[in-house]
Every structure is written in structure tokens, then in C-alpha cells.
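Me: I am new to this structure. Please take a close look at one part of it, and then lead me on from there.

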Amino acid sequence: MGELFQTFSHKAQREAIGMMIDSVLKKTPEKRREFYLRIAEMAKFFFGSEFTDEQYENVKAVIKGDKSRWMQYIDRVITETDPHIAKTTLLNLGYEAFLRGTKTIRSNREKYGCNIPWLILFDPTSACNMHCKGCWSGTYGRKYTLSYEEMDKIVTQGKELGVYLYMMTGGEPLVRKADVLKLAKEHRDVQFALYTNSTLIDEELCEEVQKVGNIMFLLSIEGTPETNDSRRGEGHYAAVLKAMDLLREHGILFGTSICYTRENVEAVTSDEFYSLLMEKGARFGFYFHYMPVGNSAVPELMPTVEQRQYMIDRIRYIRSEESGIEFFPMDFQNDGKYVGGCIAGGRNYFHINSAGDAEPCVFIHYSNANIKDSSILEILQSPLFMAYHKGQPFNKDHLRPCPMLENPDCLREMVKESKAVSTDLESPEEVEHLCGKCDDYAESWGNYLEEERTPARVS
Ligand code: SF4
């Protein structure tokens, strides 16, 4: 089946999988397992020997397992999601990005001798209707935007390299609602995910998203009304819950985006918080360690060593078979072992800010290239990106992945050698100033891992 499938053109493959998905979505969860097994077979033909036979068999065993928690989770997400959205997401994220895209990306990495990412994050605008304490978008000011043509250029050139997943942050991307929807309609074969403060999600937007099918949302929310609103402003928590209700009613996929700080670690991982998220229909979420980026950052908000260990233990418990919490959390700072360390600099992703500057990571505000006068490939081959390519992984311990937070000398060196300049348009920050805020943290965390770690905890 897989070999025959490989002889189809791209268009024919997409149509064949689309028909398969249509029929599968109408089936019972048990019958859907047969489809998942066929996808696992196809993956083997796309990825071949990049994974071992044992790995393929392990995946199949999970699919066949009657009580597999994660198969039940997938069934639930599919059942709750609008059928058109479910089909489009499976096609764009599953077939285009994961199966075809990964293969194209791998061959382009060889061909061009640089990192080629799996996703590109960009900021349609620096404008935001809110003023959250410590938000990096504030440091860009509120006057920068990518034109529609520039956003279209990012996606068009990205697709040529094999990139089929695009995330938007800001500013608030929904300030550019009309252009975001236009882009999603123009590029129906890619998946978009918007990091949003939720306040601009309304009935009309949900109806549009239902029709286009290839947009999902990551809502910013931080624990309790008190912990959330103290950073994001009075009334924000209630606005997020209202947006969740609207998205759930329309069968739109959404998760959460949570910045954990010294002040909110417990609140954003409590049983009560997860109960609320499950009740509201959020099924997955990204956690981000607070980073002291920008001249006005508050380093005291960085989690303590004990809090970081707590996050590792807590997130891994929630993902374990023992947990009954139907929510899949991912921790940007502590999940390095699943992705080989730092994913920035185009290794798996990079960021383009609202002024067009291409940054290795949303937290690393230095660059030698801008989308306004460079192609995506030129960005990936620019000096700072090539320094990432050469330097990754920055530490063999994937619990210390970051060239800034845990290995600040790496960033100092890369920025100096590449002659990258600050992309902070309001208050340029010297790399020494930024890295100086991470030195103590890096040392304490490094010492802790070397001295305190026990095999029973994290590896
Ligand atoms: S630069 Fe740091 S924060 Fe960004 S992806 Fe790499 S490890 Fe993560």
C-alpha cells in the first residue's frame, strides 16, 4: 500500500488521504484505529530507515492497545472537533507537515548545508490591545507590521522548503484579523496556529475559522483569576474563559500558552487549573519558562531551581499513563530530550518579528537578516543562524538546552562573532547585559543537575 501510494502525485496523494479521512471521521473509535495503523505504515515509506523497525512496531502497539490513554485522548479530540476542521488539520499537520514536509526538509538540509525548520513563527503586528507585565512584544513598540505581501512571502517560500506549519504571535495577531484570514484562505494546505490574548475572539471570527478550517489557537492564561489578572490586567481571565466557550461551541481546536514564573508555577499546574481547562475544552498547551529578555525584564520572576524541578516532575506525571488529566502539556524549556536540545536558529523553528527581523528564537532578539530584503533561505544561511547550526546542541544535557538561559557564554560568542545586532526596536539590549542576567541562573541550575539529580527523578 505504502509503495503504491508513493507513486501518486502530491495532489493525488492529498486527495486520496482526504477521502480516507472523510470516511474515517464517520467511523467508530475502534474502526478509526485501522486508519491510524495505515498511517503508521505510510510513515514507514516516507521516513524509511530513519526510524527503526522496533520504533514503528512500538507506535503500532500503542495504536492497538485497548486502554491506551493517548488513543482515547485522540478519539476524544476528533469527536469534539468540527469535521471540516478535523479533516483540514489532519491533512495539513499530518500529511503535509509531518509526512511530506519532514522528508522535503531533510533533503533540503543536505542540499543547502543549513538548518531548515519545521515551523516558522512570525508577528503580523507589534500592536496589542493589552499591556501585560514582562511581555516581550512590548519591547518592540506598537508601530511595526508585516504587510500582507510579506506574510505571503514567508509562507510561499517556506512551503517551497517543506514548511507547512506557521505560528503567529505579536503583539496580538488578531489585530490583523482580516489579513490572517486572507492568508489562511490563500494557503489552505498549511496549518496556522495563533498565540492570542483571546479578547478579539468573537462569534463572527469563529464562523470564519470554521469555514477555512486551517487555524487553531493558543490562548494565554495563567492559573487563577488573581495570578492571571495581576500580570495581564483586570477582566482578562474572564475574557479567556468566554473565548474558550465560543471556540468549543464551534468545534475549533485550541490549547493554552502559559508563561511560568516564580509567582505562578503552582497556580498554572494545579489540579483545579487542569479541571477548568478540561471542562472548557482545551486539550493541549505550551509552557514557557520566564526569560529575562529586554532592558526592562524582571529577572526575579525566573523560577527557582526547586520550581523548575517541580515543573519537570509535574508535566511528566500529567503525560504519564497514571494521570487521568486529559490535557497534553509541552514544556518548551524542559522537553529538550525529545527534540535533541535547542530547536531555534531554524533547526526546527525561527521567528520573524513585526519589523521583519529574522531572529533565531522568539526569545533571542539579535539578527543579521530581514524578510523585507532577504529570502527565507538567505535568512537560514545568515551568520547568526549558521552559528546556531554549527553550535547545536549547546549542551549535551538536554535539560540545559539554551544558549542564553543555561549556556550564556554560547550566545555571547555567537552574537559577537556573527556581528548580529539587537532587534529590539525600542530599547536595544547589549548581549552582555542580557547574558549577565542569566549567569547566576545557569550556574545554579547546572550545579543542581550535576549534584542533586537522581535517576529516579529526571534524566
Ligand atoms: S534559544 Fe533557548 S529558548 Fe529558544 S529554542 Fe533554543 S533553547 Fe529554547
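Reply: Start at the ligand. Its shell holds 12 nonpolar residues, one polar residue and no charged ones. Here Ala, Val, Leu, Ile, Met, Phe, Trp, Tyr, Cys and Pro count as nonpolar, Asp, Glu, Lys and Arg as charged, and the others, Gly among them, as polar. The model is predicted, so local features need pLDDT of at least 70 and side-chain atom pairs pLDDT 80 or more, while totals for chains, interfaces and linings use all residues. Residues are numbered from 1 along each chain as its sequence is written, and side-chain values use heavy atoms, without hydrogens and water.

In total, 13 residues surround the ligand. A residue belongs there if one of its heavy atoms lies within 4 Å of the molecule. The closest are Met-291, Cys-342, Cys-361, Cys-402 and Pro-403.

Now the helices. A helix is a DSSP run of H or I with at least four residues, numbered from the N terminus. Two packed helices are described by the angle between their axes and the distance between the axes. Axes are lines fitted to C-alpha atoms over the stretch in contact, and angles run from 0 to 180 degrees between N-to-C directions.

Take helix 2 (residues 10-25) and helix 6 (residues 83-112). Their axes come within 10 Å and cross at roughly 135°. That makes helix 2 oblique to helix 6. Angles under 35 degrees count as roughly parallel, over 145 as roughly antiparallel, 65 to 115 as roughly perpendicular and the rest as oblique. Contact means heavy atoms within 4.5 Å. This contact has eight nonpolar, four polar and five charged residues.

Helix 6 also contains Thr-104. At 25% relative accessibility, Thr-104 counts as partly exposed (buried is under 20%, exposed over 50%, partly exposed in between, with a 1.4 Å probe and protein chains only). Thr-104 touches Leu-161 and Gly-162, leaving aside residues up to four places away in sequence.

Last, helix 8 (residues 177-186) and helix 9 (residues 203-212). Their axes come within 10 Å and cross at roughly 15°. The two are therefore roughly parallel. Helix 8 passes helix 9 in a left-handed crossing. Lys-177, Leu-181, Ala-184 and Lys-185 in helix 8 meet Leu-205, Glu-208, Val-209 and Val-212 in helix 9. By class, that contact has five nonpolar, no polar and three charged residues.

Methods
A crossing is left-handed if the near helix is turned anticlockwise from the far one by less than a right angle, and right-handed if clockwise.
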